[in-house]
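This report looks at one helix pair and at a set of charged side-chain contacts. The structure is shown first.

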Amino acid sequence: MTTRIVLLCASLALTAHQSTSFVPFSTTVRLSSTAVNAGFGKTTSGSGKKAQKKKSKSKRLSNVLQDAPKENASSNKPFVKSEQDDLIASLAAKASTTSIGRAVTSAPVPPDGIDPFWELMPSLVSSRFPNVADKQLERVAGMVRHTLDPSLPLEDSIVNDPYRPHDEIHAYMPGLGETQPFLDPSQLALCQKLSENYDIICEEYENLLRDEKDRFQSVTSMNYESGWKTMVLFYNGHRIPDFPYDLCPTTTKILETVPVAGRIAGFNRQQPNSGIPLHSDGNNMWLTCQMGIRVPDGEKAWIRVGPETKHWKDGECLLYDTTYEHETMNEHETMERVVLHVDFFNTLKLTPIEIEVMQYIYSLREEFFKAEGVAKVGNQIL
């Protein structure tokens with residue numbers, strides 16, 4: 001594992017700081033597993049030997065991150081640890097004054113370990129986005145602050161809404177303003193492009209069905225038990241290796257016009273007489289769009305979001321906020337229901353730079369999980 005983390009650090013260094021020397025952000029902030037999981041999926045930390053192993057693992061990772069890679073791909077200059085230490089101190093001091101740095105350094109200090117990801121984050125963001133004014137990232141810093149301190153209060157618009165289970169919020173950016181269960185799809189070019197290309201998208205879906213490999217899968221146990229399977233085109237915001245995108249070029253091109261978020265985009269099938277039970281997704285930075293591909297006749301397939309219920313229709317998009325409780329049902333006896341599903345960053349509320357920074361944070365978190373040998377679905381990453 002040590003080698004993989006070192007290589008990861010080298011890669012991050014080249015990506016985030018191509019023209020200057022990169023060094024990780026070093027602090028003494030200690031983050032509990034509870035605080036980390038509050039913003040990166042609702043998992044529970046272990047106890048006994050498992051907790052001790054996790055603490056030891058985190059310590060080993062932290063120790064590795066304190067030392068620079070022996071080989072620096074961006075320079076032929078020999079590694080000198082004393083010089084590196086000076087650079088660490090300098091960059092740490094600079095990054096700690098940013099809004100994201102202050103969010104990390106002001107977090108509560110629990111007794112059970114350090115998450116090196118958050119130690120690095122202020123410096124990584126500062127290095128990757130050196131020309132972005134700090135004021136532009138205040139809401140991103142608010143997301144970090146809520147991630148590290150889940151005891152912080154949420155806004156009244158969430159807490160006071162009986163259809164938005166605030167205790168299930170795990171990724172929260174303050175200051176996004178009012179929302180509603182269903183939004184007008186005509187606000188987004190994505191919805192217009194999908195509807196305009198409905199016939200082509202259906203043809204491409206048929207092309208994928210004729211492909212030799214059955215690509216439908218259940219991305220969560222809830223989906224599996226509820227008759228919902230997905231042909232995933234994008235996972236955690238990026239393409240799937242070896243997926244036959246040549247069979248669905250128009251669908252792919254349209255999906256790549258929006259900042260696909262850290263869950264999934266793809267074709268969802270709902271079996272007859274089945275439905276997804278009531279739940280909420282707990283991330284207020286994302287929206288979900290679904291366009292009907294194969295919808296049973298007679299308004300048999302519906303989705304309820306908050307207090308509102310709508311029916312899918314072929315070639316029409318539904319746009320909704322999944323922080324509201326929602327459930328689905330296909331009441332038809334024999335026909336399945338198919339929709340094109342895409343989770344994406346809320347372009348109606350977030351600024352382009354906020355989205356770019358959040359995409360960067362998601363991608364880094366995924367790389368850290370990979371380096372630790374952990375594979376997680378998007379809503380567990382953030």
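Is R294 buried, partly exposed or exposed? In this predicted model, R294 is partly exposed, because its relative accessible area is 30%.

**Salt bridges**

The count of salt bridges comes to 10. One of them joins the side chains of E206 and R294, with N to O at 2.4 Å. This pair links distant parts of the chain: E206 belongs to helix α10 (residues 198-210) and R294 to strand β6 (residues 286-294), 88 residues apart. E206 has a relative accessible area of 28%, so this residue is partly exposed as well.

A salt bridge also forms between R239 and E256, where the closest N and O atoms are 2.8 Å apart. Here too, distant parts of the chain are linked: R239 lies in strand β4 (residues 238-239), whereas E256 sits in the loop between α12 (249-255) and β5 (260-270), 17 residues away. Both ends are partly exposed, R239 at 40% relative accessibility and E256 at 41%. Through shared partners, salt bridges join E206, R269, R294 and E336 into one network.

D211 and R215 form a further salt bridge, with 3.0 Å between the closest N and O atoms. D211 counts as partly exposed because its relative accessibility is 23%. R215, in contrast, has a relative accessible area of 18% and is therefore buried, the cut-off for buried being under 20%.

| Salt bridge | N to O distance |
|---|---|
| E206 and R294 | 2.4 Å |
| D211 and R215 | 3.0 Å |
| R239 and E256 | 2.8 Å |

**Packing of α6 and α13**

At what angle do helix α6 and helix α13 pack? Helix α6 (residues 116-128) packs against helix α13 (residues 352-371) at about 140°, and their axes are 11 Å apart. Because of this angle, α6 is oblique to α13; roughly antiparallel would require an angle over 145 degrees. The crossing of α6 past α13 is right-handed.

Which residues of α6 take part in the contact? They are P116, F117, L120, M121, L124, V125 and R128. On the α13 side, they meet E356, V357, Y360, I361, L364, R365 and F368. By class, the residues of this contact comprise 11 nonpolar and 3 charged, with no polar ones. The charged residues include R128 of α6, and E356 and R365 of α13.

Definitions and conventions: Residues numbered from 1 in each chain as written. Predicted model: local features only at pLDDT ≥ 70, side-chain atom pairs only at ≥ 80, totals over all residues. Heavy atoms only, no water. Axes fitted to C-alpha atoms, helices over the stretch in contact; angles between N-to-C directions. Helix = DSSP H or I, 4+ residues; strand = E, 2+ residues; numbered from the N terminus. Parallel < 35°, antiparallel > 145°, perpendicular 65-115°, else oblique. Left-handed = near helix turned anticlockwise from the far one by under 90°. Contact = heavy atoms within 4.5 Å. Salt bridge = Lys/Arg side-chain N within 4 Å of Asp/Glu carboxyl O. Buried < 20%, exposed > 50% of the residue type's maximum accessible area, 1.4 Å probe, protein only.
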